[in-house]
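Biologist: I'd like to go through this one with you, one question at a time. Can you put the coordinates up first?

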Amino acid sequence: MKLLTAVLCFSVGTVFASINSDSSKNYREIIAGEYIVKAHEKNLSFPVKRVLGKNLVLVQTSDKSLLDGLEYFPNYKYVGEYRDFEDSDSETGPNDEKFEDQFHHKMIKTKKAWATTKGSSDIIVAVTDNEFFLGHKDLKTAWFKNSNEIPDDGIDNDNNGYIDDVIGWDFIGQDNNVDSDRTTTHGTHVAGIIAATANNEIGGAGIAPNVKVMPLRWYGPEGEWTSAVIAETYRYAVDNGAKIINTSYNVDRMVDDEAYLDAIAYIRENDVLIVNSAGNAGEKDPPRQKIEELILVCSVKSGGEFFQDQRSSFSNYGSGIDICAPGDPVLAPVRPHPRRRSTTQGKYGQLQGTSMAAPAAAAVAALIWSAHPNFSDEEVRQRLLDSADDITRRQWPWSRSGLGAGRINAANAVK
Ligand SMILES: [Ca+2]
Ligand SMILES: [Ca+2]
Ligand SMILES: [Ca+2]
Ligand SMILES: [Ca+2]
């Protein structure tokens with residue numbers, strides 16, 4: 001059924017999969033006999049199933065007494081669709097592939113910000129997502145490359161626990177190929193919003209085209225997802241140099257998952273910022289807003305000047321939302337149709353969702369850090385919020401609250 005939907009979408013144009021964001025279809029179950037343990041592998045007297053980080057391991061055992069005296073969490077399996085986006089079938093994507101058609105740039109004054117900085121290549125934004133089309137022509141300069149790792153020699157040269165991890169890591173496949181799912185284009189689009197190449201006569205551009213994206217694959221085609229995968233992915237991002245993490249996924253089911261919360265704490269203890277989509281349920285005060293460490297981003301309309309900056313009808317909002325960004329729709333790099341050989345490797349397409357708003361905010365945070373390398377994480381976060389435009393009066397009178405600091409403004413942000 002899912003495949004059929006995807007095929008139908010191919011025939012009309014810009015996007016691949018029709019994603020149901022109904023959170024009632026997302027659920028989780030505990031994985032019996034598996035525990036996420038806060039300990040170094042060397043200090044344990046029993047075998048571990050997988051090392052998840054420097055001081056975090058996954059243990060499989062029927063004898064829970066082995067864990068006496070240790071700090072540990074349950075490992076959940078998450079089932080369902082957690083991507084915070086919907087296709088924009090009502091608006092087919094323009095194919096003229098121009099910066100001017102990326103309406104969000106005008107709204108947030110990207111060009112003006114670029115007079116100060118287009119981003120520093122020292123700033124790494126990790127994107128945790130389901131796939132990345134590494135061969136996209138407009139993303140060639142976007143990827144962070146681990147220079148301490150010799151490619152394809154079968155050796156973990158930098159001794160970080162991952163063999164040949166040159167361009168990110170696939171935590172679902174446990175390999176170095178983040179481009180193994182060719183049925184969707186969610187992560188490619190998110191990465192492109194941040195760092196698609198500017199001034200190369202291909203497509204448009206990212207908001208922070210000179211920063212680097214670390215692509216981390218953590219979600220498979222069947223939605224196979226566990227607390228262990230999430231914990232490992234976040235630790236990898238922090239331990240391998242990311243300053244900002246963008247997660248465009250529905251984390252509402254995880255707000256009481258101790259391994260997830262521990263990972264969020266680890267991110268913030270290490271002075272890394274984490275930006276997350278607010279969610280697409282059109283709901284006030286979504287569960288995820290309990291996690292104050294997340295910079296939660298709601299979506300505003302970006303198509304059609306009259307409606308710009310109005311909250312998207314699908315976007316969650318509420319007292320815990322931090323900021324809004326254009327996400328409805330956004331034109332950015334997409335994967336070409338897998339069955340049409342003639343399709344360009346520089347294709348752009350429109351998607352809409354808080355999934356698209358979050359990376360726009362992450363990209364502005366990356367510009368701030370590039371312009372002010374000595375800022376602390378907290379100063380970057382504060383500047384992001386302080387520089388936003390007030391969009392209260394752009395809303396209908398009955399929906400003027402719950403938009404956080406307003407809509408991101410790149411030009412104000414880099415001052
Ligand atoms: Ca390595
Ligand atoms: Ca190697
Ligand atoms: Ca793979
Ligand atoms: Ca370009």
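**Rings, metals and contacts**

Biologist: Let's start with Trp225: is Trp225 buried or exposed, and what is its relative accessible area?

Modeller: Buried means under 20% relative accessible area, exposed means over 50%, and partly exposed is in between (1.4 Å probe, protein chains only). Trp225 counts as buried, because its relative accessible area is 1%.

Biologist: Before we go on, what should I know about the model and the numbering?

Modeller: This is a predicted model, where local features need pLDDT of at least 70 and side-chain atom pairs count only at pLDDT 80 or more, while totals for chains, interfaces and linings use all residues. Residues are numbered from 1 along each chain as its sequence is written, chains are lettered from A and ligands numbered from 1 in the order in which they are written, and side-chain values use heavy atoms, with hydrogens and water left out.

Biologist: How many aromatic pairs does a search of the whole structure find?

Modeller: Rings of Phe, Tyr and Trp (its six-membered ring) pair if their centres lie within 6.5 Å; planes under 30 degrees apart count as stacked, over 60 as edge-to-face and the rest as tilted. Searching the whole structure that way, the number of aromatic pairs is 19.

Biologist: How are the rings of Tyr78 and Trp225 arranged, and how many residues apart are they?

Modeller: Their centres are 6.3 Å apart and the planes sit at 75°, so this pair is edge-to-face. Helices (H or I, at least four residues) and strands (E, at least two) are DSSP runs, numbered from the N terminus. Tyr78 is in strand E4 (residues 71–79) and Trp225 in strand E9 (residues 225–226), so the pair links distant parts of the chain, with a separation of 147 residues.

Biologist: And why is the pair of Tyr219 and Trp225 called edge-to-face?

Modeller: Tyr219 is buried, with a relative accessible area of 1%. Its ring centre is 4.9 Å from that of Trp225 and the planes are at 90°, so the pair counts as edge-to-face.

Biologist: Which residues do ring pairs link into a cluster?

Modeller: One member has a charge over it: the charged end of Arg28 sits over the ring of Tyr76, 3.9 Å from the centre. That label needs NZ of Lys or CZ of Arg within 6 Å of the ring centre and within 35 degrees of the ring normal. The linked residues are Tyr76, Tyr78, Tyr82, Trp218, Tyr219, Trp225, Tyr234 and Tyr249.

Biologist: Over to the metals: why is the arrangement around the calcium ion (ligand 2) irregular?

Modeller: Donors are N, O and S atoms within 2.8 Å of the metal (3.2 Å for Na, K and Ca); water is not among the atoms, so sites may look incomplete. Here they are Glu149 (OE), Ile150 (O), Asp153 (OD), Ile155 (O), Asn157 (OD1) and Asp164 (OD), at 2.2 to 2.4 Å. Four donors count as tetrahedral if all angles lie between 85 and 135 degrees; four count as square planar and six as octahedral if opposite donors are over 155 degrees apart and all others between 65 and 115; anything else is irregular. The six donor atoms subtend angles of 68 to 176°, which makes the arrangement irregular.

Biologist: How many residues apart in sequence are Asp153 and Asp164?

Modeller: Asp153 is partly exposed at 28%, whereas Asp164 counts as buried at 8%. Both lie in the loop between strand E6 (124–129) and strand E7 (169–170), so the pair ties together parts whose separation in sequence is 11 residues.

Biologist: What are the protein donors of the calcium ion (ligand 3)?

Modeller: Asp175 is partly exposed at 29%, and Ser180 also counts as partly exposed at 39%. At 2.2 to 2.9 Å from the ion, the donors are Asp170 (OD), Asp175 (OD), Asp175 (OD), Asn177 (O) and Ser180 (OG).

Biologist: How many of the 13 residues of H5 are buried?

Modeller: Helix H5 covers residues 227–239, and its buried residues include Tyr234 and Arg235. Arg235 also lies over the face of Tyr266, at 4.4 Å from the ring centre. H5 is largely enclosed by the rest of the structure, because the buried count is 12.

Biologist: Last one: which side chain does the side chain of Arg407 make a polar contact with?

Modeller: A polar contact is a pair of N or O atoms within 3.5 Å; within protein, one must be able to donate a hydrogen and the other to accept it, and residues adjacent in sequence count only if both atoms are side-chain atoms. Arg407 counts as buried at 6%, and a polar atom of its side chain lies 3.3 Å from the backbone oxygen of Met107. The side-chain partner, at 2.8 Å, is Asp309.

Note on methods: The expected span of a helix is 1.5 Å times one less than its number of residues.
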